[in-house]
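Subject: Structure for your review

Dear colleague,

Please find below the structure that I am handing over to you, together with its sequence. My notes on what was found in it follow directly after.

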Amino acid sequence: MSDNATSADNQQGSPAKRDPSETTRRTPLCKKEIKAYFLGALHDGTFSSNKRFRISQKGKGWLKILKRLLEEINYSSWIYKEGKDRDVYVLETLAPFLNFNFNPETLRNKNEMKSYIRGFFDAEGGIPRFKKDRFYIQLTQNDKEKLKKIKNILSNLGIRTGKIHNPSKKVAPEYWRMYVLTKSQKDFVRKIGSLHPKKINTLTERKMI
């Protein structure tokens, strides 16, 4: 999970306007696609000492969607608030298919590839917070090799990205970033999109969807 994309809206864009259940209902996903989405989203997760996978967020909107998707494939999860004075919530699950070492290049089905990237984007992707800012789509990761794999998958899907680069070696030497090229932004939104309520709202406001 990256905290470095300070200029981007990773999880804290405009207030959620859509019902998360409606967002989920509009996105038909088979079991394999749901698992691929979670494997991508796991980049925003940790593994606790009691062997539970944890994804934390400010607010519950996206976590409710994750919980419903897990229910669709018969896995349980629970959401709780972390601390009394913080608007931070955690989803925990014991779902055994989750794996931090999963190699996305093993995916062969294009819909599963799209689902994986969608999950990664919802977890680690960035878009502008403010309407006045120039629109961009960035993908960030502390693991450069993983970002290379994501770049290759996007290329296979016909979506072009810029060079993987480190914004500041002094501040964060292990932090890597790449942008979706302007001419591929519409394709990214159309093919990949998002299940994150706040990202969906921002993309709608920017007339990207």
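Asparagine 74 counts as exposed, because its relative accessibility is 70% and residues over 50% are classed in that way. Please bear in mind that this is a predicted model. Asparagine 74 is found in the loop that runs between α3 and β3 (77–81). Its backbone also deserves a look: asparagine 74 has a positive phi of about 65 degrees, although it is not a glycine. For background, most residues other than glycine have a negative phi.

The protein chain contains 7 helices and 7 strands. Read from the N terminus on, its elements follow the order α-α-β-β-α-β-β-α-β-β-α-β-α-α. The chain has 209 residues, and buried residues make up 52% of them.

Helix α7 covers residues 197–205 and is mostly covered, with 7 of its 9 residues buried. Which residues of α7 are buried? They are Pro197, Lys198, Lys199, Ile200, Asn201, Thr202 and Leu203. You will see that the buried residues of α7 include two lysines, Lys198 and Lys199.

Leucine 107 lies in the loop between β4 (88–93) and α4. Is leucine 107 buried or exposed? Leucine 107 is buried, because its relative accessible area is 8%, and the limit for burial is under 20%. The C-alpha atoms of leucine 107 and alanine 36 are separated by 8.5 Å, while the two residues are 71 residues apart along the chain.

I turn now to the charged residues. In general, side chains of opposite charge can pair when their charged atoms come close. The structure holds 7 salt bridges. Arg52, Arg54, Glu82, Arg86 and Glu92 are linked in a network of such bridges.

Glutamate 82 counts as partly exposed, at 25% relative accessibility, whereas arginine 54 counts as buried, at 17%.

Arginine 54 also forms a salt bridge with glutamate 92, and the closest N and O atoms of this pair are 3.3 Å apart. Here strand β2 holds arginine 54 and strand β4 holds glutamate 92, so the pair ties together parts that are 38 residues apart in sequence. Glutamate 92 is buried, with a relative accessible area of 5%.

Glutamate 82 in turn forms a salt bridge with arginine 86, where the closest N and O atoms are 3.6 Å apart. Arginine 86 is partly exposed, with a relative accessible area of 45%.

Finally, the surface carries a patch of positive charge. Which residues gather in this patch? They are Lys60, Lys64, Arg68 and Lys81. Lysine 60 lies in the loop between β2 (53–58) and α3 (61–72). Lysine 60 counts as partly exposed, because its relative accessibility is 34% and that class lies between the limits of 20% and 50%.

Yours sincerely

How values were computed:
Residues are numbered from 1 along each chain as its sequence is written. This is a predicted model: local features need pLDDT of at least 70, side-chain atom pairs count only at pLDDT 80 or more; totals for chains, interfaces and linings use all residues. Side-chain values use heavy atoms; hydrogens and water are left out. Patches are made of residues with over 30% relative accessible area and no salt bridge: like charges are joined within 9 Å, nonpolar side chains (Val, Leu, Ile, Met, Phe, Trp, Tyr) within 5 Å. Accessible areas come from the Shrake-Rupley method with a 1.4 Å probe; for residues, only the protein chains shown count as cover. A salt bridge is a side-chain nitrogen of Lys or Arg within 4 Å of a carboxyl oxygen of Asp or Glu. Lys and Arg count as positive and Asp and Glu as negative; His and the chain ends are not counted. The place of a charge is taken as NZ of Lys, CZ of Arg, CG of Asp or CD of Glu. Helices (H or I, at least four residues) and strands (E, at least two) are DSSP runs, numbered from the N terminus. Buried means under 20% relative accessible area, exposed over 50%, partly exposed in between (1.4 Å probe, protein chains only).
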